[in-house]
Each structure stands twice: as C-alpha cells, then as structure tokens.
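Hi there,

Here is the structure I promised to pass along. Please open it beside this email, and then read on for what came out of it.

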Amino acid sequence: MSTLAVRDLDAGYEDFQALFGVSLELAEGEIVALVGANGAGKTTLLMTIAGALRPWRGAITLDGTDITGLPDYQRARSGVVLVPEGRRLFASLTAEENILVPAGRRDAGPWTLDALYELFPMVAARRSHRAALLSGGEQQAVAIARALAANPRVLLLDEVSLGLAPAIVDAFYRLLPEIQAAGVSILLVEQDVDRALAASSRTACLLEGRVVMTGDSASLDRDALIAAYFGAPAAPPGPAVRT
Amino acid sequence: MTWVNDILQGIFLGGAYALTAVGLSLMFGVMRMVNLAHGDLAVCGTYLATTVMAAFGVPLWAAMLIMVPLAFVLGLVLQLSLFGRALRSGTTAPLLVTFGLSVMIENLLLQVYSANTRGVGAGDLDVAAAHIGALVLPWLAMLKLILALVVIGGLSVLLRFTAWGRRVRATSDDLAVARLQGIRVRPLFASVTGIAIAAAALAGTLNAVTTGVYPTLGALTLIFAFEAVVIGGLGSLWGTLLGGMLLGVTQVVVSQVSVPYALLASQLLFLVVLAVRPQGLFGTPQAAG
C-alpha cells in the first residue's frame, strides 16, 4: 500500500482550473520528483495535497485513509507537511521558535529538536536569531527543519533550490537520503531536471495541469522528459511510460 | 513641583488609557482586526459588574471577579460566532460587523438601563490618595496603572515565552503557513479576543468608578483607546502603554493652562503623530500598511 496516493485530482483557483485528473503515488520512504515548466501546476498540486486548497474532484489518501476532506491544520497533524515555495518562515520568530511551532505528531518520530540540529548544524548555530535575518540557505534549512519537526509521513518540498547557491542546494540534496532513511516519503518539486532525476527514484512531469510522463528516474529518457517538460509535440519514444 | 505632579497624574491617566486600549492593540496586532465595538464591550462589562453588585449585594472587587471571566467568555463567543466569520470574508467585513455590534450594544443598553448615568460604587476608592510631599498618589489611578503594567507585561511574557504565544506570533506572521504547520487558528484567535475583551471590561469598570457609566460611553472610550494604539504603533503592546501615557500627560499638563483645551491638545497630539510618523512610535512602516 502506498503511503500517499493522489487519484484523479482536479483543483484550481476560483474559476481557473490548474490540475486535470492528476494521479500520483508515493511508497514509504520513496522520493518522487515532480518537474514541469512554470505554471504547470506543481505548486498547486503540493498545496492541494497539503490541504491549503480544496480539490474540486478526486481523492487523496494517506496510508490508505482518505484525507481529502481534512482541513489544512489536520492534514499537517496527520503527517502531510509542506515546505512552501519561498520558505515562508515566521519572520518575527527565531529559528528555534519556528521549529517549535508545528503542532501534532511532535513525539511520534525521530525528529526532536536535537536530531534536527544534528541534521542542520547551521541552524543550531543560529537558533536564537530572528528568521528574517538569516541567509537564504539558513532560512531554507529552518523551513525543512520546521516541517520535519511535525514528524511527517510525507514531506512536500516546493523548490528547495529557489534562489540558493548551487553548493548549498547540493548540501540539501545530500541530506535527502538521511531523511528518507527515517521512513519519510518525499515529494519534491524541482525546476532542474537533472537534479530531479538524480535525487529521486521516480519522476513525474506535469504539463498544463496534467501528468504527461512518469517513470523510474534511473531509466527515464532524459530527452523525452525534456520534451514533455516543454510540451514539444513530437516527443521521441523512450523507455518512459507515457500516460 | 506642581509640574512634576502634573506629569505624574498624566502618567496615571495614561495607565488608564493603556489598560483600556491594550485589547484593541492585541486584536489588531494578532488578527489585523479593528474592533469598533471595543469601547461598547468595555461598557457592557461595567454594566454587568453593577448588575452583579446590585443583585448579590457584593462589593465592586467581588463583582469584578465574576465579571472579568464572563467578559473573557463573551470574547470567545463573539470571536467564534461573529468576528472569525467576518475576518474570513475580507478586510471591510470586520469593520462593518463591529460597527453594527457597537450600534446594537448601545441601543440595547439604552433599552435595559436607560440613558441615565449610573455610579459605580467603590467605597472611597475614587477619592482616596497617598501624599509624598507635593505629589499626590490617587489609589484608584495607581491601581489602573499597575494593572496596565501587569496586563501588558503578562501578555508580553506569555507571547514571548509560551507555546501559546509562539503560535499567536506565528499566526500573526503568516496565517496560511501557520495552518499548514498544524495550528488551529479558530480557538487561538478566540483566546486572543477573550483576553482583549476581559482587559477592556476591567479597564472600563475601573474608569467608571470615577466617571460613572452611560450607554453611549463606549464611543468615547473607543476614541481614546484607538488614539493610544495609533500613537504607540499599531500592534505594539508597549507602544500602546507609551501612547496612552503621552495622551494622558498632554491632557493633564495642558489642563493646567486651560481646561477646555486639554482634550483638544490630546487630539492634536494624535494628528501630529499621524502626520509625522503614521506607523506610530513603536510601529514598523510595514505593520501600518
């Protein structure tokens, strides 16, 4: 049974539909990458899974339990936690206070404050600084630590690399296996196709709100994926499964 | 020496203003909500206290022990039933809803208690004072100042050091993300409004010991509370204390020169702050926007 399953999801904003029949599955401890151009619906999908948006149609299940109707705050408590695009820390709180905010499964997993400081030593060093005064990389580390503090079953990472130096992004991606090893399933949105393929076991490509390609990251045809990414009409056939 | 005494009396008056205003400041700071019924809710607390005193024949302090928790509950109920809904429907709705509530409360009080001014008996607390040389230390005014310090200091400690405070500040920073981190905003906001209304009712009742209470007193109460909040900086509790004190000192000092101009002077102070530093003394430009 998959940890997270999204089936036939339609979602959008007021009268604008952003997702059309999106289906996706995450096994326990699996990393799935979500790629696609700007406006393809990646953030909308993550926001819908996290509960910030009500889907118009379709279902989201966590460990087999339907969570489609759960409000956003319940979603986080049940184990689906989003690291939002642009980090969105609580600016007036210190780094440590940010990490202490999440309610819910605080004692239900390995991510205690100490464990998080061990994972992100740079956060430990800046724990009493206000979030607004931290560097971009430090803020991103706090944002991930804040999400992990809720001991999620599923971690949703929205463009962790946005606006960060490549070396810092590399460091974040090197931590993913460690998070994964603790049994956390990760759905990550990434603009950089090569990084997405390298970090994940499976990759899904969104185009204009539809999943146009999914496959094993190791065997996925990179050129076909790039073509799907930009919506080129004649994608060359490859080992990937077109849906 | 009379000037020193005047300034002291101004600070005492400022303590009363600050205690009245702290709830308004808290609600704006946390929810970005201006509660136009703030003064009327304070007046409701006063009438409730006088009713309890009359019904059970208990002294004021005992009546307040019953009234202040009831005011807290009233705040909870209002937030859960009315204000929360209004907040979710945009920025104008809370103004309209609380204005409507204000009109309703004033007319309801007129119906039930008539337009006559009611005294709030507190023994000789309203005239008793200690003297140090030429300095006069009125007990009631000192009590209000001390309560203002206790309420603002206590709230600051709660906000700064408790999990509740952390959640309040996080929600104030970014409501949508706070919800995504598992924070239930509704009960959190209800607790904030409960505290705000309880503090207002406490202040209103103590103020009424000096002035008496009448159904439309709330409008005047709101104006001074609002000015203290704006002068101090929207959303800053200590700013509100300072704002109240500046209002109080201005009023008392000017009244030594000319009593009719005393009220005008404090309004002018408000206008000058709005013109020169619209975000208030302790506010950030962002918070005022």
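Below are some notes on the two chains, their contact and a few local details.

First, the ground rules. This is a predicted model, in which local features need pLDDT of at least 70 and side-chain atom pairs count only at pLDDT 80 or more, while totals for chains, interfaces and linings use all residues. Residues are numbered from 1 along each chain as its sequence is written, with chains lettered from A and ligands numbered from 1 in the order in which they are written.

**Chain A**

Chain A has 9 helices and 11 strands; helices (H or I, at least four residues) and strands (E, at least two) are DSSP runs, numbered from the N terminus. Its radius of gyration is 17 Å, close to the 18 Å that the globule rule gives for 243 residues, so chain A is as compact as a globular protein of that length. (That radius is taken over C-alpha atoms, and the rule is 2.2 Å times the number of residues to the power 0.38.) Along the principal axes, the C-alpha atoms of chain A fill a box of roughly 55 × 40 × 35 Å.

Of the 243 residues in chain A, 48% are buried. Here a residue is buried if 20 or more other C-beta atoms lie within 10 Å of its own, exposed if 12 or fewer, and partly exposed in between, with C-beta atoms placed from the backbone. Among contacts in chain A between residues at least 6 apart in sequence, 68% join residues at least 24 apart. Two residues are in contact if their C-beta atoms, placed from the backbone, lie within 7 Å.

**Chain B**

Chain B has 12 helices and 2 strands, and along the sequence they follow the pattern α-α-α-α-β-β-α-α-α-α-α-α-α-α. A compact globule of 289 residues would have a radius of gyration near 19 Å, and chain B agrees, with 19 Å. The C-alpha atoms of chain B fill a box of roughly 60 × 50 × 35 Å, taken along the principal axes. Buried residues make up 51% of the 289 residues in chain B. For contacts in chain B with a separation of 6 or more, 76% come from residues 24 or more positions apart.

**Where the chains touch**

The contact takes 21 residues from chain A and 14 residues from chain B. On the chain A side, helix 2 (72–78) and helix 3 (95–100) each supply at least two residues. Helix 2 of chain A gives the most to that side, with 4 residues. The chain A side divides into 14 nonpolar, 2 polar and 5 charged residues. For these classes, Ala, Val, Leu, Ile, Met, Phe, Trp, Tyr, Cys and Pro count as nonpolar, Asp, Glu, Lys and Arg as charged, and the others, Gly among them, as polar.

**Helix packing in chain B**

Helix 2 (residues 38–56) and helix 9 (residues 217–232) of chain B have axes that come within 7 Å and cross at roughly 125°. That makes helix 2 of chain B oblique to helix 9 of chain B. Axes are lines fitted to C-alpha atoms, for helices over the stretch in contact, and angles run from 0 to 180 degrees between N-to-C directions. Angles under 35 degrees count as roughly parallel, over 145 as roughly antiparallel, 65 to 115 as roughly perpendicular and the rest as oblique. Residues of helix 2 of chain B in this contact include B:His38 and B:Val43, and those of helix 9 of chain B include B:Leu217 and B:Ala225. By class, the contact has 6 nonpolar, 4 polar and 1 charged residues.

Helix 9 of chain B also packs with helix 11 (residues 259–276) of chain B, at an angle of about 35° and with the axes 10 Å apart. There, B:Glu227, B:Val230 and B:Ile231 in helix 9 of chain B meet B:Phe270, B:Val273 and B:Leu274 in helix 11 of chain B. These divide into 5 nonpolar, no polar and 1 charged.

**Two backbone details**

A:Glu159 has a positive phi of about 50° although it is not a glycine. A:Glu159 lies in the loop between strand 7 (154–158) and helix 7 (166–181) of chain A, and is buried, with 21 other C-beta atoms within 10 Å. B:Arg32, also not a glycine, has a positive phi of about 55°. B:Arg32 lies in the loop between helix 1 (2–31) and helix 2 of chain B, and is partly exposed, with 15 other C-beta atoms within 10 Å.
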